[in-house]
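Please look over the structure shown here and follow how its strands pair, and then turn to a charged patch on its surface.

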Amino acid sequence: MSDKDSIEAEIIDAEESQDSPEKKKQLAVPASVLPTTLYLLPLFDRPFFPAQAFPLIMDEEQWLESVEKIGESTHHMAGLVLIKNDRLTELSANDFYTTGSVVRLHNPTRADGKLQFIAEGLERFRIVKWLSRKPPYKVQVEYPGEERSHKREKDEVRAYAMAVINTIKELLPLNPLYSEELKHFLNRFGPNEPSPLSDFAATLTTASKEELQQVLETIPIVARMKKVLVLLKNELEVAKIQTRIRSRLEERMDKKQREFFLREQLKEIQKELGLEKDDRTAELERFGQRLQGLEVPQHAQQRIDEELQKLSVLEVGSPEYTVTRNYLEWMTNLPWGKCTKDLLDLKRARKVLDADHDGLEEVKQRILEFLAVGCLKGGVSGSIILLVGPPGVGKTSIGRSIATTLGREFFRFSLGGMRDEAEIKGHRRTYIGAMPGKFIQAIKEAGSSNPVIMLDEIDKIGASFQGDPASALLEVLDPEQNQDFLDHYLDVRYDLSKTLFVCTANQLDTIPGPLLDRMEVIRLSGYITEEKLAIAQHHLWPRLLERTGIKPGRLKISEAALRAVIEGYAREAGVRNLEKQLGRIARKAAIKFVQGEKRSISIGPRVLEEYLGKAIFQKEKPIIGVGVVTGLAWTAMGGATLSIEATAVHTKHRGFKLTGKLGEVMRESAELAYSYIASHLKQYGASERFYDDAFVHLHVPEGATPKDGPSAGVTMATALLSLARGKKVPRPLAMTGELTLTGQVLPVGGIREKVIAARRIGIRELLLPEANRGDFEELPGYIREGITVNFASHYREVARVVFGE
């Protein structure tokens with residue numbers, strides 16, 4: 001017989017014997033013999049009900065006197081009352097609820113500073129008057145009696161009692177503790193006594209102390225049983241949820257135990273058949289199989305053999321076993337001596353480069369030259385290429401195209417913000433979580449010893465107390481040293497000489513000199529409008545249509561519209577912003593299609609404002625005036641034009657003022673130009689006393705933009721000479737060049753970017769240093785077309801070209 005069946009049998013027996021005169025379980029005490037004054041003892045967690053009987057423990061120091069007073073009384077009764085707040089060190093009369101239970105104390109004992117006794121609940125009481133507001137607390141009480149019920153109410157009480165009993169029966173299988181508590185209850189009361197039954201049912205729940213106190217304070221039996229039934233139902237739902245959770249956990253545990261037993265049985269079967277292999281043996285065999293077919297150098301094979309020997313004697317659960325196993329995982333996963341065959345076909349390489357990129361003819365030519373050398377040698381040895389250019393000109397995609405051209409694996413990672421040397425050379429194995437450096441990880445990921453590894457943003461590498469990664473790169477990017485690259489984690493030499501390294505940077509200034517010296521620099525200048533147009537038509541627009549899910553025939557953009565986007569919204573050197581603007585057009589068109597547009601959409605120049613708003617860039621016009629000269633500058637974003645302005649503020653005294661947020665080098669160029677022109681005014685046809693009395697202000701517009709560099713010296717000198725002569729530059733003309741104190745015109749960099757910037761604003765006549773003639777002549781014909789260039793080696797030639805004298 002189950003516990004539930006035995007309990008139900010006891011309930012039935014109790015019901016049958018309820019009306020028997022021999023019943024001895026009834027322990028209710030008549031109200032006439034209950035004392036009218038009681039000493040109080042506090043309860044902090046939950047109230048005590050008349051139907052309860054269990055031991056209580058209280059602090060001896062605080063409540064010994066109260067318990068002694070109770071023991072001295074003839075009836076040995078006390079009042080147990082719940083405290084409103086949490087445990088308090090000092091209690092006041094206001095902290096007690098007004099309703100509690102009168103109990104009889106049995107077997108009080110003292111031990112370890114605690115008082116322990118058994119409390120037997122007898123009846124509810126209400127506090128009428130406080131006789132002592134300090135310990136021992138004493139109050140005058142009254143006992144609210146239960147009203148006699150008429151027949152209809154008796155039926156309702158019996159119905160609620162049956163509902164309570166049935167709910168308790170449902171709780172019995174869910175929690176075995178309920179069975180024990182029910183047995184104790186049936187020893188004192190019968191199931192047909194509604195008041196004790198409802199109180200007992202309340203004690204079974206885990207409701208809050210406030211909810212239980214409300215039950216204790218409810219005297220009418222029907223109202224009390226309603227509240228108790230709600231608490232019981234909530235308890236039943238919680239118990240069911242706990243049972244479901246427990247059963248799911250037990251199911252999972254049973255499944256794991258079953259798998260464990262099956263594995264143990266499988267091991268025993270394999271042992272009987274002689275096929276058993278423990279984990280260590282299986283791993284040793286796996287490591288050995290990985291090395292088959294690889295050309296492992298002797299020094300690396302010796303280290304692997306030593307680690308395999310160590311692994312074979314270590315305990316499987318030891319930390320050293322895990323460290324050794326992880327080390328062997330890396331050593332056996334590296335592609336020792338495994339290389340992909342290079343595809344040295346120049347025609348194929350040209351097709352791949354042309355398919356991936358429009359323009360960049362100079363860069364493509366340099367790559368083909370690099371491949372041609374590989375054809376003659378029979379293979380491309382490890383080299384280090386540095387691609388330098390503004391953002392969005394295709395540096396990363398060029399590196400990927402190189403890998404595709406050669407048929408090699410490609411791996412890219414960024415050096416931007418890297419501050420830890422261990423990222424390059426690995427962590428030593430003594431550290432927890434140690435790993436090899438990025439280069440060994442790249443070799444493992446690529447699966448060959450000659451991949452193309454791209455190091456992005458090498459100009460943004462950092463340094464910290466953890467080391468200098470740029471210095472660590474010196475060994476990696478040196479063809480004479482990287483054949484014996486030593487990673488701290490592997491602690492054996494690995495040959496990186498067959499790896500092709502492609503680095504990218506926006507500028508060279510922040511790259512350390514020794515590191516830059518190891519790389520072959522290829523510059524990627526900005527695109528002109530025609531190149532951007534071809535890129536947009538062949539690459540950007542088709543890719544955007546595919547990403548947005550628009551069929552090519554439904555959304556078209558004209559060549560004129562593309563040109564307008566390039567000139568008015570995306571004038572930077574690269575094409576990244578151009579792709580963003582075209583993406584805006586595609587997304588807004590997608591909205592129209594989703595909203596029900598059935599016809600195809602054609603984008604022309606007139607509707608661009610509807611999609612992109614007002615143009616960001618207006619058409620630039622060269623500024624012509626006395627003291628105003630257009631200069632050419634190079635920036636990280638490409639070429640730019642600068643209109644340098646000079647004016648005489650007054651003629652009261654001599655002075656020279658510079659504005660425009662100029663850097664130190666540019667300020668020195670301005671002072672040098674001022675000194676040169678002031679000392680050669682007569683030679684260049686100006687009043688030689690002009691600067692003796694004039695206060696001159698020289699300004700470079702867009703003052704919020706920092707500017708620096710030596711290439712504006714010739715332009716500043718020309719602006720000062722125009723001011724002194726009182727004559728403007730007679731035609732649109734842009735110039736660049738560094739000026740010395742003796743009038744020599746020195747070469748400058750960024751000629752391609754500067755020529756493109758001049759073309760963009762419509763200037764077709766340039767003045768460049770004589771030493772830059774070769775740089776200009778190397779430019780592609782479509783850039784030089786329509787451009788008139790004057791070369792000068794001394795400022796006399798500059799003045800002759802500008803003023804025609």
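In this predicted model, Ile-127 stands opposite Val-141 in strand β6, and this pair belongs to the contact in which five bridges join β5 to β6 (residues 138–142), the two strands running antiparallel. Between β5 and β6 lie five residues, and the two strands form a hairpin.

Strand β5 (residues 114–132) also pairs with strand β2 (residues 53–59) in the antiparallel sense, over seven bridges, and here Asp-59 stands opposite Lys-114 of β5. With strand β4 (residues 99–111), β5 pairs in the antiparallel sense over eleven bridges, and the bridge partner of Thr-109 is Gln-116 in β5. β4 and β5 form a hairpin as well, with two residues between them, and Asp-112 in the turn has a positive phi of about 55°.

| Partner of β5 | Sense | Bridges |
|---|---|---|
| β2 (residues 53–59) | antiparallel | seven bridges |
| β4 (residues 99–111) | antiparallel | eleven bridges |
| β6 (residues 138–142) | antiparallel | five bridges |

A separate topic is the surface charge. Glu-362, Asp-775, Glu-777 and Glu-778 form a negative surface patch, and one of these residues, Glu-777, has its place in helix α26 (residues 773–777). Is Glu-777 buried or exposed, or does it fall in between? With a relative accessible area of 47%, Glu-777 is partly exposed, because that class covers the values between under 20% for buried and over 50% for exposed.

Terms used:
Residues numbered from 1 in each chain as written. Predicted model: local features only at pLDDT ≥ 70, side-chain atom pairs only at ≥ 80, totals over all residues. Heavy atoms only, no water. Patch = residues over 30% accessible without salt bridge, like charges linked within 9 Å, V, L, I, M, F, W, Y side chains within 5 Å. Areas by Shrake-Rupley, 256 points an atom, 1.4 Å probe, with all protein chains shown as cover. Salt bridge = Lys/Arg side-chain N within 4 Å of Asp/Glu carboxyl O. Lys, Arg positive; Asp, Glu negative; His and termini not counted. Charge placed at Lys NZ, Arg CZ, Asp CG, Glu CD. Helix = DSSP H or I, 4+ residues; strand = E, 2+ residues; numbered from the N terminus. Buried < 20%, exposed > 50% of the residue type's maximum accessible area, 1.4 Å probe, protein only. Pairing = 2+ DSSP bridges.
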